Structures are given as C-alpha cells and as structure tokens.
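This report considers a single predicted model.

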Amino acid sequence: MPNEDPYAHLATIIKICNTVKIAGVPEDAVRLSLFSFSLAGEAKRWLHSFKGNNLKTWEEVVEKFLKKYFPESKTAEGKASISKFHQFPDESLSEALERFRSLLWKM
C-alpha cells in the first residue's frame, strides 16, 4: 500500500526470519524463502515477475524492493527534509529528537 513503509516491512521480515534457525542453512536463504509470504497483492505479483531464480541474494531482493517501493524521488524528499530540519520554538529537545529520528527511519 502507498502508505506502508518498505523499510519497516523489511525490518519486520528480518526479525521474523531471525527466529528461524535451520542447521546448515544460511540466514539469507531463510529470508529469501520466506520473503514472498510477507507480501500481498501487487507486491507479491511484483516479486513473482522475476522469472526463475533471478534474485539470488537477499541484498538483490532488498535493493530491487526498495527501488520499486521507495524510489529515488522519496529518498531525495527525505534528504531535503533532514537537511532543512530545525527545532520548533515551542518544541522540547526530546520532541525534536524524536521527530528527527522518525525522519531518519524513513530513509
């Protein structure tokens, strides 16, 4: 969905996959195997559009997933927001820090 955060999705699937340990099976293999189960609708169709075994590493999946669902334009917007960041006059330092961290998380 457009309002979903692809970085949060990846963090969640990694946490889930880290609970699965199979002797002799690398964690990236577990992530690659389970990733499609974390997707639905258009995102699942997108993943299945890669014929055969085109995505061989977890890094490739992450790179293509973020390129598709967090395009360069969003990255540029995020960088601009971070570079323009300032503390509001009526905002406490901890509130400003929390807001800044949320901007970083979106990157």
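A salt bridge is counted here where a side-chain nitrogen of Lys or Arg lies within 4 Å of a carboxyl oxygen of Asp or Glu. Arginine 31 and glutamate 27 meet this condition through their side chains, with an N to O distance of 3.6 Å. Both residues belong to helix H2 and stand four residues apart, about one turn of the helix. A second salt bridge, at 3.7 Å from N to O, joins the side chains of aspartate 28 and arginine 31. These two residues are three apart in helix H2, so about one helical turn separates them.

Beyond its neighbours within four places in sequence, arginine 31 is in contact with Ile14, Cys17, Asn18 and Trp58.

## A salt bridge in helix H3

The count for the model comes to four salt bridges. One of them joins the side chains of glutamate 42 and arginine 45, at 3.7 Å from N to O. Both lie in helix H3, three residues apart, about one turn of the helix. Glutamate 42 is partly exposed at 46% relative accessible area, whereas arginine 45 counts as exposed at 54%.

## Nonpolar core

The largest nonpolar core contains 16 residues, and Leu10, Phe35, Trp58 and Phe65 have the most contacts inside it. Helices H1, H2, H3 (41–48) and H4 (58–69) each contribute at least two residues to this core. The largest share, five residues, comes from H4.

Leucine 10 is in contact with Phe35, Trp58, Val62, Phe65 and Leu66, leaving aside its neighbours within four places in sequence.

## Nonpolar surface patch

Val20, Ile22 and Val25 form a nonpolar patch on the surface, with about 210 Å² of accessible area together. Isoleucine 22 is placed in the loop between helix H1 (6–17) and helix H2 (27–35). Its relative accessibility of 46% makes isoleucine 22 partly exposed.

## Confidence

The average pLDDT of the chain is 87, and 93% of the residues score at least 70. Among the elements of the chain, H2 has the highest mean pLDDT (93) and helix H5 (residues 72–83) the lowest (77). Where pLDDT is low, predicted coordinates should not be read in detail.

Key:
Residues numbered from 1 in each chain as written. Predicted model: local features only at pLDDT ≥ 70, side-chain atom pairs only at ≥ 80, totals over all residues. Heavy atoms only, no water. Patch = residues over 30% accessible without salt bridge, like charges linked within 9 Å, V, L, I, M, F, W, Y side chains within 5 Å. Areas by Shrake-Rupley, 256 points an atom, 1.4 Å probe, with all protein chains shown as cover. Buried < 20%, exposed > 50% of the residue type's maximum accessible area, 1.4 Å probe, protein only. Core = buried A, V, L, I, M, F, W, Y, C linked by side-chain atoms within 4.5 Å. Contact = heavy atoms within 4.5 Å. pLDDT = per-residue confidence, 0-100.
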